[in-house]
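Walk through this model with the structure open beside the text.

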Amino acid sequence: MKNIGVAIVALFALSCFSLFVGVKEIAISDWWQSPQNIDLFFISRIPRTLAVILTGASLAVSGAVMQMLARNSFVEPSSVGTAQSAALGILLVTLLYPGSPLIVKMIVASVTAMIGMAVFLAMISRLPVTSPLLVPLVGLIFSGIVEALTIFIAFQTEMLQFQGTWMSGEFSGILRGRYELLWLCGVLAILTYVVADQFTIIGMGKDASINLGLNYKQVVIVGLFILALSTSLVVVTVGMIPFVGLVVPNIARRLMGDNLRASLPWVAVLGALLVLMCDLIGRLVHFPYEIPVGTVLGVIGSFVFLYLLYARPAHAR
Amino acid sequence: MIEINGVSHNYGKSKILQNISLSIKESGITALIGPNGAGKSTLLSLMARLQPLQTGSIMFDGHSVSQTPTRELAKTLAILRQDNALSSRMSLRDLVGFGRYPHHKGRPTAKDHRAVEEALDYFDLQDMSGRFIDEVSGGQKQRALVAMAFCQETKYLLLDEPLNNLDMYYARSLMKRLREIADTGKRSFVIVLHDINYAGAYANEIIALKDGTLAIHGPPQDVLETNALQTLYSMKITVTQHQDQLVALHHL
């Protein structure tokens, strides 16, 4: 716990750095002297940095909660069809009610995300507990099917290009007025921390939960609700971002174990750090052009995931 | 007092329990014995409301397990399961601490911390309390789970084969401790035991199940008897006496 201060300081330093990375060069020494620069800061740079931090923390916390609900450490909302279901919901609402406000899109996306997650949990409840690697595989197949369905519909309705913006997450379009929904993700993350013990107990299994007097179904539904909401918030505002929810909770688990009360602050800070780092890499590697953060994470995250798979198969939950 | 009334249970077509009715007295140790597949674990999990009752009723001090809110029952009874698929990566201290959850609901007080430390001391876990559950031996994990159930401070403790994974030293010391606690008169144990001699030596009463029916219910001397045991387990068992203790020679 002591070192979380270090992680927060690192996150703060990286955030400050992020404010000065962009096409328009701003000198650190006198940025406040030009009103143009201040506008740029408040319209683009600060919103973008905040959006990255909120998204990273939210994705990582969602991953940790989902791993408790599924009792498997190789799942996250974007690898088991939850984010894909949210994207399908956005596509459907855009087709059926074009021009509906963002909040309507978000609600529909949450509903479809929740349905997708419920289908996934129902499927894995039939799998034998002795083969934990089947769970992420079923998730990948399911998310592939939902994604294929979405692409098919988008293709038939000539919405493919539009669909691409939800499928691949990136922050270049973030401006003041277009990211504020993400604050709700922050609220949901705090809410998760408040009931962290209940999710930890759910992760111990149904019998342990009942024994400790928990209303198992109710807590699972609350968890599904939080997950569906924060996943669709991220998909609606920045698009799908892979691997954060998978990699970060696994690293935190190694350090802190499964007690969410202790590990969630780490999960949130590390998630924000990882996404901020990848966003910066995406902005700098081909400067002044950008590589979407999802692409950078796909490359980095898949290596870390492979490492986690091979490093500790005996402890796969 | 635990009252079990007309409890039957089926999985599909196979009858696991058939019309079980019995009452278990307050305080003391009750051993639940019987051959594999007799329905002991099912009965225990029905008592602990881990599965819904199909027929009949189970009451703890007059509170029905199917009607009392589960968070209230968590302060009355605790269960230790046999097939513990617990795979959470948690330090032993945190694990034992979760036994206090029904009391503090996520906000532990000084009293809860004290109870955890006492349980760790009592079950010899203090030295390894910081280690993760997936880094200790099967026996240490088992002791931690018993400590967790103990920490829940419920009047009734249902333990499904608590001696699993324990060596002779810890098996005996656990039974002695349970006996000690039972003798204070504050808590009652219902324990599924496979070793009939432990049941004979430490229990006040023994309940024997066979093929889902109640075979014998009585004090140890009624059960540790050559004919009774031979019928129960369908094998040749000699019962002998060592000093004033009945001993079943089931391993010869």
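This is a predicted model. Begin at the interface of chain A and chain B, where one salt bridge is found. Its partners are Arg81(B) and Asp207(A), with the closest N and O atoms 2.8 Å apart.

Which helices of chain A each supply at least two residues of the side that touches chain B? They are α8 (196-203), α9 (206-211) and α11 (244-256). Of that side, α8(A) gives the most, with five residues.

Now take the contact as a whole. It draws 26 residues from chain A and 28 residues from chain B. Between them the two chains bury about 2100 Å², and 54% of this lies on carbon and sulfur atoms. On the chain A side, the residues that lose the most area to chain B are Met204(A), Asn211(A) and Leu212(A). Together they account for 29% of what that side buries.

Next, the aromatic rings. Over all chains, the count is eight aromatic pairs. One of them joins Phe60(B) and Tyr156(B): the ring centres are 5.2 Å apart and the planes stand at 70°, so the pair is edge-to-face. Phe60(B) sits in strand β4 (residues 55-60) of chain B and Tyr156(B) in strand β7 (residues 156-160), so the pair ties together parts 96 residues apart in sequence. Phe60(B) is buried, at 0% relative accessible area. Tyr156(B) is buried as well, at 1%.

Tyr169(B) and Tyr170(B) make another edge-to-face pair, with 5.0 Å from centre to centre and 85° between the planes. Are these two buried or exposed? Tyr169(B) is exposed, with a relative accessible area of 54%. Tyr170(B) is partly exposed, at 22%.

Tyr122(B) belongs to one aromatic cluster with Phe123(B) and Phe150(B). Over the face of Tyr122(B) lies Arg177(B), at 5.5 Å from the ring centre.

End at Gln142(B), in helix α6 (residues 138-151) of chain B. Its relative accessibility is 6%, so Gln142(B) counts as buried. What does the side chain of Gln142(B) reach? It reaches the backbone oxygen of Pro162(B), at 3.0 Å. Leaving out residues up to four places away in sequence, Gln142(B) touches several others, among them Leu80(B), Glu161(B), Leu163(B), Asn164(B) and Leu166(B).

Methods
Residues numbered from 1 in each chain as written. Chains lettered and ligands numbered in written order. Predicted model: local features only at pLDDT ≥ 70, side-chain atom pairs only at ≥ 80, totals over all residues. Heavy atoms only, no water. Phe/Tyr/Trp six-rings, centres within 6.5 Å; stacked < 30°, edge-to-face > 60°. Helix = DSSP H or I, 4+ residues; strand = E, 2+ residues; numbered from the N terminus. Buried < 20%, exposed > 50% of the residue type's maximum accessible area, 1.4 Å probe, protein only. Lys NZ or Arg CZ within 6 Å of the ring centre and 35° of its normal. Polar contact = N/O pair within 3.5 Å; in protein donor to acceptor, adjacent residues only side chain to side chain. Contact = heavy atoms within 4.5 Å. Buried area = accessible area lost by both parts, 1.4 Å probe. Salt bridge = Lys/Arg side-chain N within 4 Å of Asp/Glu carboxyl O.
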